[in-house]
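Biologist: I am new to this structure and would like to learn how to read it. Could you take me through it feature by feature?

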Amino acid sequence: MATVELRFSALPEHVRTARLVAAAVARRAGVDEAVLDEVRLAVGEACTRAVGLHQSGGIDAPVEVRLIEEEKQFSIVVGDEAPRVGAASDASGESAESEDEMGLAVISGLVDDVEVTAGEAGGSIRMTWPTAAASAVG
């Protein structure tokens, strides 16, 4: 199992770099060429979401992206350190929450295997795609 880790300041201009790195590592891992655009878009959405959560929460910590190559699958985990303890009650919180839901809906539309976690210490989105090794087997 090979893992590439990427950490970047929570700034929108770094999302493009994360997308490019994710596509390159996915290609090397054996993800089908036809799916690489979906990988790029999904990573862009997940990173943009994490950047937004960090910026709106005043969090200085970097956004973390892990690209994990396993025998039959390739996973990308985008992590943030924005605490989520309950629903926001003010109007600005509701707006941020609806943007968050919209980003998750886009990601779910692009990726079949998505796992979202959130808690007091932050959250993560894990997206998984099959690789050529998995396609060849079954």
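Biologist: Let me start with Ala26. Is Ala26 buried or exposed?

Modeller: This is a predicted model, so every value here is computed from it. For burial, look at the relative accessible area: under 20% means buried. Ala26 has 0%, so Ala26 is buried.

Biologist: In which element is Ala26 found?

Modeller: Ala26 belongs to helix H1, which covers residues 15–29.

Biologist: What does Ala26 touch?

Modeller: Here we skip residues up to four places away in sequence. With those left out, Ala26 touches Val31, Leu36, Val39 and Phe74. Take Leu36: Ala26 and Leu36 are 10 residues apart along the chain, and their C-alpha atoms are separated by 7.3 Å.

Biologist: Now the whole chain. How many helices and strands are there?

Modeller: The protein chain has four helices and five strands. Their order along the sequence gives the pattern β-α-α-β-β-α-β-β-α.

Biologist: What percentage of the residues count as buried?

Modeller: The chain has 138 residues, and 38% of them count as buried. The accessible surface comes to about 7,600 Å². Carbon and sulfur atoms hold 50% of that surface.

Biologist: What percentage of the contacts joins residues 24 or more positions apart?

Modeller: Count the contacts with a separation of 6 or more. Residues 24 or more positions apart account for 68% of them.

Biologist: On to the strands. How do I read a pairing?

Modeller: Begin with S1 and S2. They run antiparallel, joined by seven bridges. One partner pair is Ala2 with Glu69 in S2.

Biologist: How many bridges pair S2 with S3?

Modeller: Strand S2 (residues 63–69) pairs with S3 over six bridges, in the antiparallel sense. Leu67 stands opposite Ile76 in S3. The two strands form a hairpin, with three residues between them.

Biologist: And which sense do S3 and S5 follow?

Modeller: S3 and S5 run antiparallel, and eight bridges join them. Gln73 has Pro130 in S5 as its bridge partner.

Biologist: How many residues of S3 are buried?

Modeller: Strand S3 spans residues 73–80, and seven of its eight residues are buried. So S3 is largely enclosed by the rest of the structure.

Biologist: Which strand does S4 join?

Modeller: S4 (residues 113–119) is joined to S5 (residues 122–130) by seven bridges, and the two run antiparallel. Val114 has Met127 in S5 as its partner. A hairpin of two residues connects S4 to S5.

Biologist: Let me try loops. Where is Thr131?

Modeller: Thr131 sits in the loop between S5 and helix H4 (132–137). Thr131 is at 1% relative accessibility, so Thr131 counts as buried.

Biologist: Which residues does Thr131 touch?

Modeller: Again, leave out residues up to four places away in sequence. Thr131 then touches Ala29, Gly30 and Val31, and also Glu71, Lys72, Gln73 and Phe74.

Biologist: And Ser9: in which loop is Ser9 found?

Modeller: Ser9 is in the loop between strand S1 (2–8) and H1. Ser9 has a relative accessible area of 41%, so Ser9 is partly exposed.

Biologist: What is Ser9 in contact with?

Modeller: Beyond its neighbours within four places in sequence, Ser9 is in contact with His14 and Pro62. Ser9 and Pro62 are 53 residues apart in sequence, yet their C-alpha atoms are 4.6 Å apart in space.

Biologist: Which lining residues lie nearest the centre of the second largest pocket?

Modeller: The lining has 15 residues, and Val31, Asp32, Val35, Trp129 and Pro130 lie nearest the centre.

Biologist: How do the residues of that lining divide by type?

Modeller: The lining of the second largest pocket divides into seven nonpolar, four polar and four charged residues.

Methods:
Residues numbered from 1 in each chain as written. Predicted model: local features only at pLDDT ≥ 70, side-chain atom pairs only at ≥ 80, totals over all residues. Heavy atoms only, no water. Pairing = 2+ DSSP bridges. Buried < 20%, exposed > 50% of the residue type's maximum accessible area, 1.4 Å probe, protein only. Contact = heavy atoms within 4.5 Å. 1 Å grid on protein atoms, 1.4 Å probe; cavity = no way out; pocket = protein on both sides within 12 Å on 5 of 7 lines; lining within 4 Å. Nonpolar A, V, L, I, M, F, W, Y, C, P; charged D, E, K, R; others polar. Areas by Shrake-Rupley, 256 points an atom, 1.4 Å probe, with all protein chains shown as cover.
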